[in-house]
Amino acid sequence: MSLSSYNIMKNKIILLLLIISNLTIQSCIDGEQYDNTPQGNFEQLWTTIDEHYCFFDYKNINWDSIHTVFSKKIETSMSNKDLFDVLSDMLYTLKDGHVNLISSYQCSYYDAWYQDYPHNFDEDIVNDDYLGKASTDYYTTSGIKYKIFDDNIGYMRYESFANDVGNGNLDEILEYLAICNGLIIDVRDNSGGTITNATKIAQRFTNEKLLIGYIEHKTGTGHNNFSSPTAINLKPSNSVRWQKKVVVLTNRRCFSATNYFVNTMRYLANVTILGDTTGGGSGLPFSSELPNGWTVRFSSSPILDADKNQIEFGIEPDIKIDLSTGDTMNHLDTMIETARKLLNK
Amino acid sequence: MKRNNFLERLIGEFLFLFLLIPQQIQAQTDTVKTNRYIMRTMMYGIGTSNIYDSYLSPQNYKGIDFRISREAMRFTKRGKGKVSSQNFLQANFSYTHNRANNNNTISGLINWNYGYHHQFPISENFKLLAGGLLDMNGGFVYNLQNTNNPASARAFINMDVSGMAIWHFKIKQYSFVLRYQLNIPVIGIMFSPQYDESYYEIFTLGNTSNIIKLTSPYNQPSLRQMLSLDAPIGHSRIRFSYLADMEQSRINNIKTHTYSHVFMVGIVRSLYLIHSKRGKPLPPSLRVY
């Protein structure tokens, strides 16, 4: 290489490095940093929900008009508690139990999805008259209480899908209940947890791979920017699987992962859903935060049923039944009694 | 040439050792080969970090950054002996806080660069280096309060253009080396979930579409630059460095940045390999173990 071409090449390399470094330095990537003021926190919350919430169209919510209404309630001198109340009220317009605003002293929680309906569950009756004493009358593992009723019907009470379930635990439960004529799975008042636990249990009740739903996610800030739905399949467990009839008991307080579990179980051949419509909550929630550090949780990825219908507002049972006042007076649970008759037919 | 004086002194010390080596291997090691001279540095640093990841939070998180790095440079036989290789491995751990100081993130990244530079001597004491590096990265950012989106994985591979300037100078009888290096990714691939896609959907349901994206300075305008000074202290050469690690991305509508400014210190070791893959090993009496 001659000296002149050597210098030309050297200069070109230096020039190239300078141009690229200049381009790099000039393009900073950052998000808009709102002020930590009532206005700044309001705008951050409204924008986060605007860009990430997934049910605007399904619920026919005009989020721009919500901004107009609630921005007038924001004042520079308002206290943190007043700000929290206004922001919570704004979030309640989403009618979503997965939407929370969380500060160090309060967590907002939309609860009309169950408060306006019959409870359909009496914990005292179930505990005292059906389960009995924990020391002698029933077993508990992984948060699942289980026993065999006198009429040879198995009963599983699962209070929270947040309690992790192990495959070994499920083997033990199902082997113990194997002699039963049928099985009741009581998930009333179960407000959710993790989908993984719901799937792990449901896998024990199918012998074949089944399509049980779809999931979408947002691909951008627009209200309608969604991915094409991804199929959710239930694969049978490689371990002990239940082959007899099952009744799943539901009420309005079955929410989130429990709603997912009920949606999964209703596609299985030997399973009957009995009770009240579930509470819904089909949006997989994400978290974000405000300039003042308050956390906001919101639905970001809708889970659909196998026909691509929304299940955000709940799943109707195969057999709709409420607790009767007469049964309750006689320490009977109408849903459990109906399920026992159904399984013993 | 001052640098070569230093080199010759070091190499001379090694040659002195060679006199002790039996005659049969002297014949193979009697010529100093520049590609066997290695500059190796282990450095430890502390600095600041500014982390932003819109998948986790719209807020910037700022805090402390701990870093460790290991670097080796040597000449190769390529380009008539004017091409050097650089092997640079660094790992960092950051603990950062939001503006309200009521939530934290922890993050870590392992970065490995390997590549070659062509050396262009400008004067006896000053030279420019230009070349390219393979730039591999793996790490995470973990937000301690989030629920279904608690963490963001970092995985990206780039081809970098790299430039370096090295200046040898003396103050009184003490010799110093000042170096500036700039690495800029020009093309690569990066893992990223889609905008609001959960890791459950990716890894449990297996929806892997659009999670590996091609990157360029348009969607990943990043750079790493380092300014270092090698100074003689006692019988050692100590390296003091300032490292600016500016990583940014705008992939699948998710914006991220990690701006780290780290001061590092370590000992420079100059080695001369006397056992290459093709050569014979030292006799056991001269080995360290």
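How many residues of chain A are in contact with chain B, and how many of chain B with chain A? In this predicted model, 49 residues of chain A meet 53 residues of chain B.

**Chain A overall**

- Chain A contains 11 helices and 12 strands.
- Of its 345 residues, 52% count as buried.
- Among contacts in chain A with a separation of 6 or more, 73% come from residues 24 or more positions apart.
- The accessible surface of chain A comes to about 15,100 Å², and carbon and sulfur atoms account for 48% of that surface.

**The interface of chain A and chain B**

- On the side of chain A that touches chain B, the elements giving two or more residues are helices H1 (3-26) and H2 (38-52), together with strands S7 (230-234), S10 (283-289) and S11 (295-305).
- H1(A) gives the most to this side, with 10 residues.
- By class, the side of chain A that touches chain B has 19 nonpolar, 21 polar and 9 charged residues.

- Thr48(A) lies in helix H2 of chain A and counts as buried because its relative accessibility is 3%.
- The side chain of Thr48(A) reaches the backbone oxygen of Gln44(A) at 2.9 Å.
- Leaving aside residues up to four places away in sequence, Thr48(A) touches Tyr53(A), Ser288(A), Val296(A), Phe298(A) and, in chain B, Pro58(B).
- Pro285(A) is placed in strand S10 of chain A and, at 5% relative accessibility, also counts as buried.
- With residues up to four places away in sequence not counted, Pro285(A) touches His98(A), Arg297(A), Phe298(A), Ser299(A), Ser300(A), Thr147(B) and Asn148(B).
- The C-alpha atoms of Pro285(A) and Val99(A) are separated by 7.9 Å, although these residues are 186 residues apart along the chain.

**An enclosed helix in chain A**

- Helix H8 (residues 195-202) of chain A is largely enclosed by the rest of the structure, because 6 of its 8 residues are buried.
- The buried residues of H8(A) are Ile195(A), Asn197(A), Ala198(A), Thr199(A), Ile201(A) and Ala202(A).

- Side chains of opposite charge can pair when their charged atoms come close.
- In chain B, Glu71(B) forms a salt bridge with Arg239(B), and their closest N and O atoms are 3.1 Å apart.
- This pair links distant parts of the chain, with Glu71(B) in strand S2 (residues 57-75) and Arg239(B) in strand S10 (residues 236-251) of chain B, 168 residues apart.
- Glu71(B) is buried at 2% relative accessibility, and Arg239(B) is buried with a relative accessible area of 4%.
- Asp135(B) forms a salt bridge with Arg224(B), the closest N and O atoms being 3.2 Å apart.
- Here strand S5 (residues 126-143) of chain B holds Asp135(B) and strand S9 (residues 223-233) holds Arg224(B), 89 residues apart.
- Both Asp135(B) and Arg224(B) are buried.
- In chain A, salt bridges that share partners join Lys145(A), Arg157(A), Glu159(A), Asp186(A), Arg188(A) and Asp333(A) into one network.
- Arg188(A) forms a salt bridge with Asp186(A), with the closest N and O atoms 2.8 Å apart.
- Arg188(A) is buried, with a relative accessible area of 0%, and Asp186(A) counts as buried at 0% relative accessibility.

Definitions and conventions
Residues are numbered from 1 along each chain as its sequence is written. Chains are lettered from A and ligands numbered from 1 in the order in which they are written. This is a predicted model: local features need pLDDT of at least 70, side-chain atom pairs count only at pLDDT 80 or more; totals for chains, interfaces and linings use all residues. Side-chain values use heavy atoms; hydrogens and water are left out. Helices (H or I, at least four residues) and strands (E, at least two) are DSSP runs, numbered from the N terminus. Buried means under 20% relative accessible area, exposed over 50%, partly exposed in between (1.4 Å probe, protein chains only). Contact means heavy atoms within 4.5 Å. Accessible areas come from the Shrake-Rupley method with a 1.4 Å probe; for residues, only the protein chains shown count as cover. Ala, Val, Leu, Ile, Met, Phe, Trp, Tyr, Cys and Pro count as nonpolar, Asp, Glu, Lys and Arg as charged, and the others, Gly among them, as polar. A polar contact is a pair of N or O atoms within 3.5 Å; within protein, one must be able to donate a hydrogen and the other to accept it, and residues adjacent in sequence count only if both atoms are side-chain atoms. A salt bridge is a side-chain nitrogen of Lys or Arg within 4 Å of a carboxyl oxygen of Asp or Glu.
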